Amino acid sequence: METEVQRSVSLRLNRRGDRNNQFQQNRERLSQDYPMKAVWKRGFIRLFLVGGIVWILLILTVLLFHIWSCESSFAFFSAICNRESKVFVVLDNMGLVPKPQHRCPIPIANDPDKVVILQGRTPDKIVQNLSYIVEDKKNEFQSPPLFGGHQSWLQREKSFRLKSTMKVHCGFMQNGGAEMNPIDINYAKKCRFVVASGIFDGYDTPHEPSDISARSKKLFCFLMVMDEISLDFIKKNVTVKEDVDGGLWVGIWRLVLLKHPPYDEPRRNGKVPKILTHRLFPEAQYSIWIDGKMELMVDPLLILERYLWRGKHTFAIAQHKHHHSIYEEADAIKRRKRYARPLIDLHMKIYSYEGMKPWSPKKGTISDVPEGAVIIREHTALNNLFSCLWFNEVNLFTPRDQLSFGYVVYRLGGLFKFFMFPNCEYNSLFVLHPHTREHSSVVEWVKSLDEFKTNKTGLKESRGGLGLWTPYPGNLDSVILPPVARTSKAG
């Protein structure tokens, strides 16, 4: 009996020991599994956090790249930018989009609605009656009609002699090209205040001005002049709207088509609306010209008040950032291959022969070289004459208009008054956008006049710059161009 009891107790003890051993083994197994699960759990959490951080950084990188592309000077990246997108607007509202840095403060008025518009026109005291030659006299040796006309050296010389009544070449010769559509002509007849710009050969797209008051939107016509190539390019890349009269619009800009471009060189075509604004829009009393790559950042009424009315000026243009002398500018143009070097030299030799000296403070002007991307003017008879003479130089010689501006000022003997404002203010008026593509022409790489002799390569323009190929009534071989001190790497 005792044996059975002992055996039962022994079995119970053995079973209890087995259970304890099994429990201990389970506990050990669990204790071994728990660290692995903890590691997996912690790893998953870390992976989730790292993935979230990487995703946020990726989004921030994309947003910052979008902002950077809008400020980039590279045409490829700037083309990606869409300033009208909701993302850009949100970033701008958050203050993440950098505002254009003003190089120096502009002393403009604060409120366009309080600007008092000058009534009447500035009296014409020197030139009172100005008319234009629109048809050349017949000559058996002359080529077909040219936009700038067949101006002789004698006619050019007489045009600089100011009289109360004058008749000069000023583009727009009969059958010379650059015709406007009738609907645009009719629209422009109502424009007294004009903001004009131009795009040729598809190098730009219109940039919507910023901070334009309701008063200026009613007062000003915003006219964007272009050729057919640019209009086709814009239609493919920008939303163009058509009004009930058939006029074409991109935002605030009215698109004005110039049919039959008068020149082979797009840069020379661009000088037509830039310099001859008074001829394209003859009813305008005031105009502000801005290059097609510029985005206007200041209300045009404030510009007129600051640069014309306040100082009783009628013509205002910015000073060049680096150069004062046209010979410095010519040297920079050659170094940067902006036009054929031998033709630039020939152009400068003609000016030097005719008495154009390098700029010095004794001249009484701030500079001989303007920043021509902005021109602010009242269309007085003298200003219109100056514009005609300036254009005639561009038509006869090279299309680099900075070289001709100071020369025409010199030839008018100080009678043409203008306000040349600091370049830092110019940089505060506009935002400069890159072209959609870089301009390049084979003529820019020409090193010798011999390359033009046969004209088999098409280097020589057929309708512009003909003064460079017309025998000059003077000995240019003896002319030595003034030495140039290069004051700026950027120049």
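Buried means under 20% relative accessible area, exposed over 50% and partly exposed in between, with a 1.4 Å probe and protein chains only. Helices (H or I, at least four residues) and strands (E, at least two) are DSSP runs, numbered from the N terminus. The model is predicted, with local features needing pLDDT of at least 70 and side-chain atom pairs pLDDT 80 or more, while totals for chains, interfaces and linings use all residues. Residues are numbered from 1 along each chain as its sequence is written, and side-chain values use heavy atoms, leaving out hydrogens and water.

Q: How many residues of helix H11 are buried?
A: Helix H11 covers residues 326–335 and is mostly covered. Its buried residues include Ile326, Tyr327 and Ile333. Of the 10 residues in H11, the number buried is 8.

Q: Which helices do the buried residues of H11 pack against?
A: Packing is judged by contact, meaning heavy atoms within 4.5 Å. The partners of the buried H11 residues are helix H12 (341–353) and helix H14 (402–411).

Q: Which backbone nitrogen does a side-chain oxygen of serine 325 reach at the start of H11?
A: A polar contact is a pair of N or O atoms within 3.5 Å; within protein, one must be able to donate a hydrogen and the other to accept it, and residues adjacent in sequence count only if both atoms are side-chain atoms. The serine 325 oxygen comes to within 3.1 Å of the backbone nitrogen of tyrosine 327.

Q: Is tyrosine 351 buried or exposed?
A: Tyrosine 351 lies in helix H12. Among the residues it touches, not counting those up to four places away in sequence, are Ile326, Tyr327, Phe397 and Tyr407. Because its relative accessibility is 0%, tyrosine 351 counts as buried.

Q: Which side chain does a polar contact of 3.1 Å join to that of tyrosine 351?
A: Tyrosine 327 is one of the residues that tyrosine 351 touches, and their C-alpha atoms are separated by 9.9 Å. The polar contact of 3.1 Å, between side chains, joins tyrosine 351 to histidine 347.

Q: Why does the pair of phenylalanine 147 and phenylalanine 172 tie together parts apart in sequence?
A: Rings of Phe, Tyr and Trp (its six-membered ring) pair if their centres lie within 6.5 Å; planes under 30 degrees apart count as stacked, over 60 as edge-to-face and the rest as tilted. By this rule there are 30 aromatic pairs. Phenylalanine 147 and phenylalanine 172 form an edge-to-face pair, 4.8 Å centre to centre with 65° between the planes. Phenylalanine 147 lies in the loop between strand E1 (129–133) and helix H4 (153–159) and phenylalanine 172 in the loop between strand E2 (165–169) and strand E3 (179–180), so the parts tied together are apart in sequence by 25 residues.

Q: How many residues does helix H13 give to the lining of the second largest pocket?
A: Lining residues have an atom within 4 Å of a point of the pocket. The lining holds 19 residues, with Thr122, Pro123, Thr314, Leu382 and Lys417 nearest the centre. Helix H13 (residues 381–396) provides the largest share, which is 3 residues.

Note on methods. 1 Å grid on protein atoms, 1.4 Å probe; cavity = no way out; pocket = protein on both sides within 12 Å on 5 of 7 lines; lining within 4 Å.
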